[in-house]
Each structure stands twice: as C-alpha cells, then as structure tokens.
Amino acid sequence: MTVQTGAQRQLLFHDDFAHGLDHGRPDATWRPRDTHIGAGGDGVAVRTADGLVVVPKGVHPRTGEPAFTLPEGPEPADAFLRWTAYLQATASSGAPGFDTPPDRTLTVEAELAVRAYGTCGAPASGAAADPAEDVRRGAGALMTFDRETGMVFDLCLTGSAVYALYERLPRPGTGDRAFSVAVPLADVRPGRPHHCALTYDPAAGVVHWAVDGIRALTVGDLGRQQYDGVHVLWEVPGEERRATPRQLAVGLTTMAARPHGQGVRLTVRRVAVHSTTH
C-alpha cells in the first residue's frame, strides 16, 4: 500500500515489527531465505521490547553465547549470508523491489543494533585493525539489491564499526567485473540502535549512505569498483560497465564467513521505504 505523506514524498513501506516478523504466508510481508543450514537459514527471529531480535540457531558450548552453526563440510559460495529476510515487493518490471524512476529518489532506512560474540578468534583482515570490526567475522545489515544489474548497497554493523558494503555480484554470461567493497563509516555502540539510511538517486547516478543522520559516503559511476586495497573483500575480473538499477529490493541479514564459534545478535526497531520527487 502507498500512503501519500506530502506533495514531494511518499511512504511506500513501514514495519515496526509490533507483531514480530510477518512471514510464512503467500501474502506475508517478509520471506526468509533458505540456506544450506536449513529452512529459514541460521537465525531465529523473535519480537522483544527492544524490537525484532535475530540470533543464530546455535550457542557456543563453552560460553553459552549466540553462535552461528558450524559447517560439517565445505560451504557453498553464498554461505556468507547466514540469515536473510527479503521484503516481498515487486517492481513494475516484474523484478523484486521498488521502482526507481529517474524523477525520484528512493530511501531505505532502519534502526539497527548489533552485538557480536566471539569475533576475536583469529587476526582481522582487510580494512579492520580490530577483529570485532571485520565484516567477514560477523555483522548484521540493512541490504538493498537489484538482481537485474547485480548491484548491492548495504549498511553493515559489526561489533564495533559501521560499514558501507558496495557490490556487483557475478552474473553468468555477462563478462562484467564483479566485486565486494567494504568502506568503514563510523563507530558502533554495541547493542545500541543506530539510524541507518541508503538513498539511491537514479538521475544523478549516485547512492548515499547515512548513519545517525549524517551522510557518511556517496558513490557515483555505479557498477565500477571505485575502491581497491584493504577495502576489497573479493573481486572477479571482467569488464567494468555502468549500472542503472530500475528497482531496488530490500532485506535484513546477518553475515559471517567461515564460522568458528562467533555469533551476532541483530535488533531491528523499524524499517521504512520512501520515495521523494526532485
């Protein structure tokens, strides 16, 4: 349902999770993603006084803290996402997401809190000097993505830092360069909420990342890698081509590579999507 909130701005979606995560029905608001761990992935979502809380299905045998499920063998390539719930919205193109016409900007915002457990078991990598900062150790995120172009724009909270995740996922047969880049934006207050917002302006060809009301990063020339060195999580060689997403889909996720006993507690107070005319 679209609610008119002013001459220039439309509220397209809002969820404060007053009744928990609405899922499991054909017309439900959210759709959890199944993974190699099983139905719904490696997460349990419950409503609390603080908001929607997502924790891994397992606990550390020694500490009793939340811990991602340890793999029994080699994990598939997409195992980085441990628990994910997608907002069920369909753009006019038929692809998942909300329309992003050139005369409007699309903003996705959420109030997120993250507390990480057991992330200091090995040296940090990439841009993170502190193991608790490393996105690959464990993070909770507000995600936006476009399956048509492969573009991903996330706001990730680790145990001590907020990152912008800027990606182009591999798409077989395109020959496009694919990459994942993590840029640190701000410090995290563990367990305390941060206001996170992503704004896509298709006319300008830019995405803005904002944390607690402060614009922290702007990336243009979308589809090109832009960053190198310590910011790069992975990359696949190919031709760099500009991307102009016609829609953006929305999700919530927890993530970690190579679980070794660590875990993440993600708390979500609300998620909202709105569109604004230029």
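Okay, Val-236 to start: this one comes out partly exposed, because its relative accessibility is 36%, and the cut-offs put partly exposed between under 20% for buried and over 50% for exposed. Keep in mind that we're looking at a predicted model here. Val-236 sits in strand E18, which covers residues 232-236.

Now, from the surface to the inside. The largest nonpolar core has 49 residues, and the ones touching the most other members are Trp-30, Phe-98, Leu-112, Phe-153, Trp-209, Leu-252 and Val-273. There's another core apart from that one, with 16 residues, including Tyr-86 and Ala-182.

Let me stay with Phe-153 for a bit. Phe-153 is buried, at 1% relative accessible area. Leaving out residues up to four places away in sequence, Phe-153 touches a whole list of residues, among them Leu-142, Met-143, Leu-198, Val-207, Trp-209 and Leu-248.

So what about the rings? The count comes to 6 aromatic pairs. Take Phe-153 with Trp-209: the ring centres are 6.1 Å apart and the planes sit at 75°, so that pair is edge-to-face. Phe-153 is in strand E12, residues 151-157, and Trp-209 is in strand E16, residues 206-211, so this pair ties together parts 56 residues apart in sequence. And is Trp-209 buried or exposed? Buried, with a relative accessible area of 0%.

Notes:
Residues numbered from 1 in each chain as written. Predicted model: local features only at pLDDT ≥ 70, side-chain atom pairs only at ≥ 80, totals over all residues. Heavy atoms only, no water. Core = buried A, V, L, I, M, F, W, Y, C linked by side-chain atoms within 4.5 Å. Buried < 20%, exposed > 50% of the residue type's maximum accessible area, 1.4 Å probe, protein only. Contact = heavy atoms within 4.5 Å. Helix = DSSP H or I, 4+ residues; strand = E, 2+ residues; numbered from the N terminus. Phe/Tyr/Trp six-rings, centres within 6.5 Å; stacked < 30°, edge-to-face > 60°.
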